Amino acid sequence: MPTEHLSTLVVIGHGMVGQRFLEALAERGATGRTRVVVLCEEPRPAYDRVHLTSYFEGRTPDQLGLVPDGFLREHGIELYVDDPAESVDRAARTVTARSGRTFAYDTLVLATGSYPFVPPVPGKDLPGCFVYRTIEDLLAIEAYAKTATTGAVVGGGLLGLEAAGALRGLGLDTHIVEFAPRLMPVQVDEGGGAALLRTIENMGLTVHTGVGTQEITAGAEGHVNGMTLSDSSHLSTDLVVFSAGVRPRDELARACGLAVGERGGIVVDAQCRTSDPAVFAIGECALAADGRVYGLVAPGYDMAETAADTIAAAGERAFTGADLSTKLKLLGVDVASFGDAHGTAEGCLDVVYADSRSGVYKKLVISCEGVLLGGVLVGDADAYGTLRPLTGHVPPVAPEQLVLPAGLGAPAALGPESLPDDAVICSCHNVTKAAITACSTLPEVKRCTKAGTGCGSCVKTIGMLLPKSGDTGLCGCFAQTRQELYEIALALRLTTFTALLDGHGRAQARGGEGCEICKPTVASILAALGNGHILDGEQAALQDTNDHFLANLQRNGSYSIVPRIPGGEITPDRLIVIGEVARDFGLYTKITGGQRIDLFGARVDQLPSIWTRLVDAGFESGHAYGKSLRTVKSCVGQTWCRYGVQDSVRMAIDLELRYRGLRSPHKLKSAVSGCARECAEAQSKDFGVIATANGWNLYVGGNGGASPRHADLLAQDLTDDELVRLIDRFLMFYIRTADRLERTSVWLERIEGGLGHVRDVVVNDSLGICAELEALMAAHVAGYRDEWAETLDDPERLARFVSFVNAPGAPDPSVRFVPERDQIKPELPLLTLGATR
Amino acid sequence: MTMVHLKLEDGTVAVCETARLTPGRGVAALLPDGRQAAVFTDRRGRTYAIDNRDPFTGAYVLSRGLLGSTPEGRPYVASPLLKHRFDLETGACLDDEAQTVRTYETEHAR
Ligand code: SRM
Ligand SMILES: Cc1cc2nc3c(=O)[nH]c(=O)nc-3n(C[C@H](O)[C@H](O)[C@H](O)COP(=O)(O)OP(=O)(O)OC[C@H]3O[C@@H](n4cnc5c(N)ncnc54)[C@H](O)[C@@H]3O)c2cc1C
Ligand code: SF4
Ligand code: FES
């Protein structure tokens, strides 16, 4: 035990900036020399307030946590949650908390953040009025919204729009009331506000600008029932969220006589020291040396580092102001503003591109010397990553080329390679291009510089700056790409993984086990080349667990079952069978996004009996588990629809039955629409078909998911036969040449020559391989068997469907469920990370 | 016929016939005290056993992962849920040094 007197540091407030300060202190080794006490008002340790709204997208409060496991223990930091500081005695140098605990300090750090400003209107405290700042606020809004149908947000700034998005996500009919004449008045200019307004109104939200809130009114039971606006109109609403700005929490500082600004905020110098040299203030509660209060996290982090440097006597950092650049996705709309967005500099000029049809607005502010000063981007903010770091420099191309959309005669977008070394790439953590290019992988960048670990908006740019590794091999076992392995297997007629690994793998991998990357990839190649049932012989050992059990593994170890429903067409009798099976086995049922039905919550040992019932009723595997054809969606088409010009349902069923079971580099999705209104969304599919008066148009390379892509038209007005032949060739060419886990969309962009080349190969047969491609597809169609029916017929394959090999009848006790909305959901296991022994 | 056995603190427990194991894959076994073990065999016929619980998700699924070997030849299993890899000889997670699962000794006997 060291006997020397340890100095004590007390931190008040454990928010984003408080936590960052503790980390900065630990990095400088100061926690070893000092006793650190943290008082936290909220009932939980610091969490990611910036991503608060992601709670409504399914992130749990725990996942929002910012404190790494073991961090406090490792650095001996004492944290008191749910125990706010109530007073500071600067003469005695003590802090007293609500619990009555008193701590003597040598140094005090205030990191108390802000509170949401609620305008003093009558009715503001009625049940049904909320603010949007903490996890507890969100929990309260979520609970209250269950009984509400309409919600209104007071304030159309950044947070107001975020709150409005959350209310809309909770199913409320949502209004936004903004006093200023436009949305996001602080960040965007008039043109940007107008583009934003149009897009947001198109989403079904109602926006009232230029009006204030006069009163919140109550119904008979004393709950909110509406609001009166400054133009005397009345708006009915069940719930109100105030988001009218924030104010620094400087009440403790005021009470103990520290200097505060006229409009609030604890006065600090460039080292974040208050008027008392033993007291520091950082984050949103501080009035910085440049006379501003910053309501963003990046400047707060900068202050945390500065204060830690000063307190640990580790450096000479200073905080003298920060950039207010932001890029956000609000209600799905990209909005970014950076630098001098409002063009306040003397003699500056604008370059503006606006397209009100697509809701895109882009403005750059340029000095008369051609230096980029700032800008506003609404609707398409892809260029933000390049433009923001260019601020303060003369761009290497003419400014108008920077705002024109791709494909409008503009040269290829300017890449981050052209940025100067001192350009700041990550504004959350103030990391320059030079610091990033000193690393070689994204994890390394995150570890060494913290870049990319804040809002995440810079990650794409970082990826473009990192070196592409020269090794294009599939994995540690094979130096070849997937395409090369396909060609080897095809040419040498190899039918086993071991033959490929031992004969063609990297030297050190031969004779080994392979790995979780190459095994399923090779399994898919062998299956596409028509090598029998995927659970036969050695192939059985190569499949991911989903393919192994012909079902989809869920988070608690149970499986889901998706029977094929070709084209989404199903008879009442079959629907009843699905209902009966689900009921008898107690499965959770849900309509999928793919026009079929998913049954969740089966244990491994139940799969065969469930499938026996389904197969008997004529169902077969839907391959939801495989990298293979998923669904061919259809619209109802000519048979019923007054607009339809072809029988889209029949075509969808034909295509689904033709390509079912086809193993491919990634999943394949398709759809057929009966006319150009496109109700089946065929243009978002790997191959999509749209009826015309003369036949069918074929689109390829569409994708929903994370990076949506509209499909390209491959050929027009095809007959049924022409259509099928082209799809056969297209799919086989893709299977042959694509990389592992490469959707057709990405493949089409990557492959040399792009769409033109693919069209040449599959339409004009420029490589002379079409006959071979068609033959491979014919073999697939002829060889198709339902995997589940075959499995049920084979006792050896069935033997694997047990929870425990030494207790075949025993169910797995770890797979448990609890009720929710009249069905079941997984009872999630308690997570205790840490060595189990 | 030979059987695979696991050695526990207090004796051994039979898992299944050796021939029942598919090289490159695993099976789950229920132990007398309710614990679960994941038992694997590799291409060379060596047998390994580790705890069946994936510490990252809390689900009992490691037996359903794929085997692989590192360039140094160390055998591992990749969890089927979030793909964390566990060394079959030591139980150490290769992707996060803070995590380890317990291992069991195995033997083949009649
Ligand atoms: C069940 C379903 C959601 C639902 O309840 O509706 C679903 C569920 C899953 N999707 Fe999906 N997707 C489902 C429709 C979709 C759709 C809509 C569609 O197909 O029209 C899309 C967007 C369209 C697209 O793919 O282009 C979609 C885009 C994705 C993606 C992103 C793909 C991409 O290219 O970006 C993934 C991730 C991946 O595949 O890598 C994914 C992955 C998954 C996985 C496999 C995630 C996983 O590994 O556990 C989910 C497992 C399914 C299961 O356990 O049964 N799912 N997923 C839908 C099943 C449709 C079906 O009947 O087969
Ligand atoms: C919904 C939402 C979205 C946001 N999005 C963005 C964004 O996209 N980009 C961005 O840069 N910023 C964003 N912000 C702002 C960002 O969250 C803040 O800038 C940041 O959290 C400030 O950190 P802080 O530590 O100063 O304050 P806080 O994180 O608020 O932490 C202060 C803590 O101190 C506690 N406290 C106060 N008084 C006491 C006391 N007497 N005793 C003990 N504890 C006390 C408070 O309870 C609080 O937990 C967003 C904020 C919200 C609410
Ligand atoms: S795509 Fe055309 S045919 Fe099909 S449902 Fe829509 S309007 Fe009718
Ligand atoms: S800019 Fe936010 S994490 Fe890099």
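Colleague: Which helix gives the largest share of the shell around ligand 2?

Modeller: Helices here are DSSP runs of H or I with at least four residues, and strands are runs of E with at least two, both numbered from the N terminus. In this predicted model, local features need pLDDT of at least 70 and side-chain atom pairs pLDDT 80 or more, while totals for chains, interfaces and linings use all residues, and side-chain values rest on heavy atoms, without hydrogens and water. Residues are numbered from 1 along each chain as its sequence is written, with chains lettered from A and ligands numbered from 1 in the order in which they are written. With three residues, the largest share of the shell around ligand 2 comes from α1(A).

Colleague: Which residues come nearest to ligand 2?

Modeller: A residue is near a molecule if one of its heavy atoms lies within 4 Å of it. Both α1 (16–27) and α6 (158–169) of chain A supply at least two residues of the shell around ligand 2. Of the 28 residues around this ligand, those that come nearest are A:Val17, A:Glu41, A:Glu42, A:Arg133 and A:Glu284.

Colleague: How much of ligand 2 does the protein bury?

Modeller: Polar contacts, meaning pairs of N or O atoms within 3.5 Å (within protein, one must be able to donate a hydrogen and the other to accept it, and residues adjacent in sequence count only if both atoms are side-chain atoms), can be listed for this ligand. An oxygen atom of ligand 2 lies 2.6 Å from a side-chain N or O atom of A:Glu41, and a nitrogen atom of ligand 2 lies 3.0 Å from a polar backbone atom of A:Ala85. Taken alone, ligand 2 exposes 990 Å² (Shrake-Rupley method, 1.4 Å probe; for residues, only the protein chains shown count as cover), and the share of that area buried by the protein is 95%.

Colleague: How many residues in the shell around ligand 1 are nonpolar, polar and charged?

Modeller: The 20 residues that surround ligand 1 include A:Gln554 and A:Thr592 among the closest. Polar side-chain atoms lie 2.4 Å from an oxygen atom of ligand 1 in A:Gln554 and 2.9 Å from an oxygen atom of ligand 1 in A:Arg743. Ala, Val, Leu, Ile, Met, Phe, Trp, Tyr, Cys and Pro count as nonpolar, Asp, Glu, Lys and Arg as charged, and the others, Gly among them, as polar. On that basis the shell around ligand 1 divides into one nonpolar, 11 polar and eight charged.

Colleague: Why does A:Glu749 count as exposed?

Modeller: Buried means under 20% relative accessible area, exposed over 50%, and partly exposed in between (1.4 Å probe, protein chains only). A:Glu749 is found in helix α23 (residues 744–750) of chain A, and its C-alpha is 8.7 Å from that of A:Gly701, 48 residues apart in sequence. A:Glu749 counts as exposed because its relative accessibility is 57%.
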